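Hi,

Here is the structure I said I would pass on. Have a look, and my notes follow below.

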Amino acid sequence: MTIIIGLVTVFGLVFGGFMLSGGNMEIVLHALPFEGMMIGGASLGSFIMANSFGMAKKSAGGILKSVKGNKWKAKDYTDLLNLMFELSRLYKTKGILALDEHIENPEASPIFSKYPKIQKEHFATDLIVDSFRMIAMQFDDAFQMEEVINRKLKKHHHEVLAPAGALQTVSDGLPAIGIVAAVLGVIKTMASIDQPPAVLGLMIGGALVGTFLGVFLAYCMVSPVSARLKQIEDEDAAFYNVIRDIIVAMVAGHSPNICVEIGRGSIPTSMQPGFAEVETAQRELALAA
């Protein structure tokens with residue numbers, strides 16, 4: 001939503017200011033299709049050369065994600081705490097064998113099924129079940145467990161940030177591509193040097209649209225989208241940090257309530273549920289079990 005508001009503000013104030021100052025939009029609109037074809041074509045072609053088709057697809061998805069916003073909301077963090085409480089409580093009271101059906105088949109697990117959004121997110125689910133599998137294989141050193149999970153999180157974060165990096169590369173190249181389009185316009189103008197000044201003025205104005213378009217697209221559209229996507233991925237990474245902290249606390253031998261409280265402390269402040277809210281949910285889950 002902030003992307004849309006920002007775009008409306010940029011277009012309204014930039015072009016509104018241009019017209020209010022006496023600028024003629026006719027020159028811009030006349031040159032825009034041709035300059036846009038050159039700049040857009042060069043940007044798209046260089047993007048395709050620099051990236052695989054898989055990365056191109058992820059980048060398109062990243063643009064949509066920058067518009068939609070964060071994947072994980074406040075309710076999802078509360079659901080995560082409840083899910084981890086149920087799993088850690090089952091492990092603490094009945095042992096690792098009691099978790100077998102939930103670890104080996106989370107898609108059919110009655111516990112995971114209570115939280116469908118988390119259940120459908122492969123990385124979150126895999127991180128949880130793989131950690132419990134390691135515990136089942138007696139990997140019970142809290143420091144080593146934290147190190148292993150951190151490596152997984154670092155790898156995942158590097159992968160999800162790749163589309164933002166690809167878009168930023170396009171943004172970095174757009175001003176220079178705009179100059180290429182402008183130079184071509186100047187070459188065309190020089191070939192018509194015998195025309196009247198009014199005609200030459202229109203042709204030079206059209207060529208300068210290329211420079212404007214390259215800079216405008218880079219700094220007012222592509223770069224902000226890339227920055228917003230990176231911000232979203234950084235914020236969503238906190239969700240997996242909560243899983244790590246609870247798993248490590250559990251391996252260290254803490255009670256389910258303490259493990260969940262440690263995880264709650266890792267939740268971003270704007271989405272963090274209160275202590276009383278979490279405690280009430282835990283009590284209800286314990287009674288339901």
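The side chains of Asp245 and Arg244 are joined by a polar contact of 3.0 Å. Bear in mind that this is a predicted model. Asp245 sits in helix α9, and with a relative accessibility of 16% it falls under the 20% cut-off and therefore counts as buried.

What does Asp245 touch once its neighbours within four places in sequence are left aside? The contacts are Ile262, Gly263 and Ser266.

Now for the rings. Searching the whole structure turned up eleven aromatic pairs. One of them is Trp72 with Tyr240, an edge-to-face pair at 6.4 Å centre to centre and 85° between the planes. Trp72 belongs to the loop between α3 (53-68) and α4 (74-94), while Tyr240 is in helix α9 (residues 197-251), so this pair ties together parts that lie 168 residues apart in sequence. Both partners are tucked away: Trp72 is buried at 0% relative accessibility, and Tyr240 is buried at 5%.

Tyr240 also pairs with Phe239, again edge-to-face, with 5.9 Å from centre to centre and 85° between the planes. Phe239 is buried too, its relative accessible area being 0%.

Which residues do the ring pairs link into a cluster? They are Trp72, Tyr77, Phe123, Phe239 and Tyr240.

Cheers

Terms used
Residues numbered from 1 in each chain as written. Predicted model: local features only at pLDDT ≥ 70, side-chain atom pairs only at ≥ 80, totals over all residues. Heavy atoms only, no water. Phe/Tyr/Trp six-rings, centres within 6.5 Å; stacked < 30°, edge-to-face > 60°. Helix = DSSP H or I, 4+ residues; strand = E, 2+ residues; numbered from the N terminus. Buried < 20%, exposed > 50% of the residue type's maximum accessible area, 1.4 Å probe, protein only. Contact = heavy atoms within 4.5 Å. Polar contact = N/O pair within 3.5 Å; in protein donor to acceptor, adjacent residues only side chain to side chain.
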